[in-house]
Amino acid sequence: MKICIKSIQLIRVTEFLLVLFPALVASAATAPEYRIAVFREDVTVPLGHACMGGGIAPAREIVDPLFVHGVILLGQEAPILFVAVDWCEIRNAAYDHWRSALADAAGTMPERVLLASVHQHDAPVVDYEAQRLLDKAGLEKSLCDVAFAKQCVDRVAAAVKEALKTPRVVTHYGIGMAKVEGVTSNRRVVLPDGTVSYGRGSATADPALRALPEGIIDPYLKTLSFWDGDTPVAAISAYSTHPMSYYGKGGVSADFVGMARAMRQAETPDVFQMYYTGCSGDTTAGKFNDGDPANRPLLAKKLYQGMVQAWEDTVRYPLENVDLRVAPLRFVPKSFGGYSEEDARKTLADATVKTFTRNLAAMALSYRKRVEAGQPIDVPVVDFGKAKFLVMPGESFVQYQITAQGMSPDAPVVVAGFGECAPGYIPTAIASTEGYNEESWCWVEPGAEPLITDALSLVMCGQ
């Protein structure tokens, strides 16, 4: 009998609330609920696979594995996927394949797959169309093993489906940032005679170049995190620097950024850790790294310390609204330096030319095919309110990352570079006047800066 009385009282209380507080009840019923699912999949290349587009020694040993890390954000709108791949570059049809396959697996659209390569050099460059052209020229697998690459996509898509079986509720997001000391510097240096050089690479043996000032960098590592109340669930960190300490001898590795990520994961086993490389076309560890293998763990520790500090400085906010905006970006393919369609086809067909040069020509033709088909590059931003996440194409120079942050003074911007990598290096206007578009890994004409600024204006400001 007591049970019946309590049941009647509960009904009456509920009816009372419905009568007196309809707005409150309606608000609770419509409050957005967000969940995330996470996944990680091994995508280590087989021995013998080309690395860095065939420009360095192929895979001879696996120093440490290569992974895909991903976070799937689920809400009232279609899912958004954050995906970082420990490969050097994913380009053109291969980039489209990754995004469409993962979108299908998650029940979303390709433009909502925020895919970027981490850009380690002892790792593959994947471009299906370029390799198709190379196959016809008798250079099978000189750039990449397409069958292996597609198998990786299939495995990652399966991992997405599996992850979606066990999503976690998230109620808050967090944003933290910390200055990283002694890791990055700009390639560009002004020599004592006043001339400009871009010769400070990832490993710089010349002590005179290492002694010169850091130059233009973004010194801040930023971490976007997701929380269930007070419980952290996942963290996405990003920092602008080429992620290599030493490379080129065939030792496949996620390098110092992979080491830092692994250190952080081991320290926080219940928090999923992933890492993106920021806009880093012109930023490297060269001022602080002479290529000695002993520097790899030292750079990793400094980056790890930045991750720790960014985490400690994180500010959390209720996860109430997520807005995805995408702007189209169209560059003009480079037509000089052997990259006109006619010159590239001649190079590709010339068996006396070294294989790497023919690979570069094939990638030029692959990108030109994309552009001629009228397919733009997506520039997406996810706006959380007090933080934003942006994906930039190719080897965008760090100034573009700084420009994006300047357009969002009240919300830190976590930037992933190396999205659609087909353009290669994307210099600023100043770097173009200094001849950087002549670099062989650059497939765009000068004039990119105003195009990028316009695209950023659309997505950063929501205009």
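Does R264 count as buried or exposed, and at what relative accessibility? In this predicted model, R264 counts as buried, at 5% relative accessibility. The cut-off used here for buried is under 20% relative accessible area.

R264 has a salt-bridge partner in E267, with N and O 2.5 Å apart. Both residues belong to helix α7, where they are separated by 3 residues, about one turn of the helix.

The side chain of R261 forms a salt bridge with D86, and the closest N and O atoms are 2.7 Å apart. D86 is buried, its relative accessible area being 0%. R261 is buried as well, with a value of 8%.

Strand β16 (residues 272-277) brings in another residue of this region, Q273. The relative accessible area of Q273 is 4%, and Q273 is therefore buried. If neighbours within four places in sequence are set aside, the contacts of Q273 are H69, A235, R261, R264, Q265 and T268.

Side chains of opposite charge can pair when their charged atoms come close. Across the whole structure, a search finds 19 salt bridges. One of the others joins D383 to R325, with 3.1 Å between the closest N and O atoms. D383 lies in strand β20 (residues 377-383) and R325 in strand β19 (residues 323-329), so this bridge ties together parts that are 58 residues apart in sequence. D383 is buried at 15% relative accessible area, and R325 is buried at 16%. Elsewhere, salt bridges link E89, R91 and D127 in a network.

The empty space in the model can be followed next. Rolling a probe the size of a water molecule over the atoms shows where empty space is left. The structure has 4 cavities of 30 Å³ or more, and the volume of the largest cavity is about 60 Å³. The lining of this largest cavity consists of 13 residues, and Y95, D378, P380, V391 and E420 are the closest to its centre. Two or more lining residues come from each of α3 (92-106), β6 (113-117) and β20. By type, the lining of the largest cavity has 9 nonpolar, 1 polar and 3 charged residues.

About 310 Å³ is the volume of the largest pocket. Its lining is made up of 17 residues, with N186, R188, Y198, I216 and D282 nearest the centre. At least two lining residues are supplied by each of β11 (189-190), α11 (398-406) and α12 (429-433). The lining of the largest pocket divides into 10 nonpolar, 4 polar and 3 charged residues.

The second largest pocket holds about 220 Å³ of space. Of the 16 residues that line this pocket, M52, H121, Y425, E439 and W441 lie nearest its centre. Its lining comprises 6 nonpolar, 6 polar and 4 charged residues.

Note on methods: Residues numbered from 1 in each chain as written. Predicted model: local features only at pLDDT ≥ 70, side-chain atom pairs only at ≥ 80, totals over all residues. Heavy atoms only, no water. Salt bridge = Lys/Arg side-chain N within 4 Å of Asp/Glu carboxyl O. Buried < 20%, exposed > 50% of the residue type's maximum accessible area, 1.4 Å probe, protein only. Helix = DSSP H or I, 4+ residues; strand = E, 2+ residues; numbered from the N terminus. 1 Å grid on protein atoms, 1.4 Å probe; cavity = no way out; pocket = protein on both sides within 12 Å on 5 of 7 lines; lining within 4 Å. Points joined across faces, edges and corners; volume = space filled by probe spheres on them. Nonpolar A, V, L, I, M, F, W, Y, C, P; charged D, E, K, R; others polar. Contact = heavy atoms within 4.5 Å.
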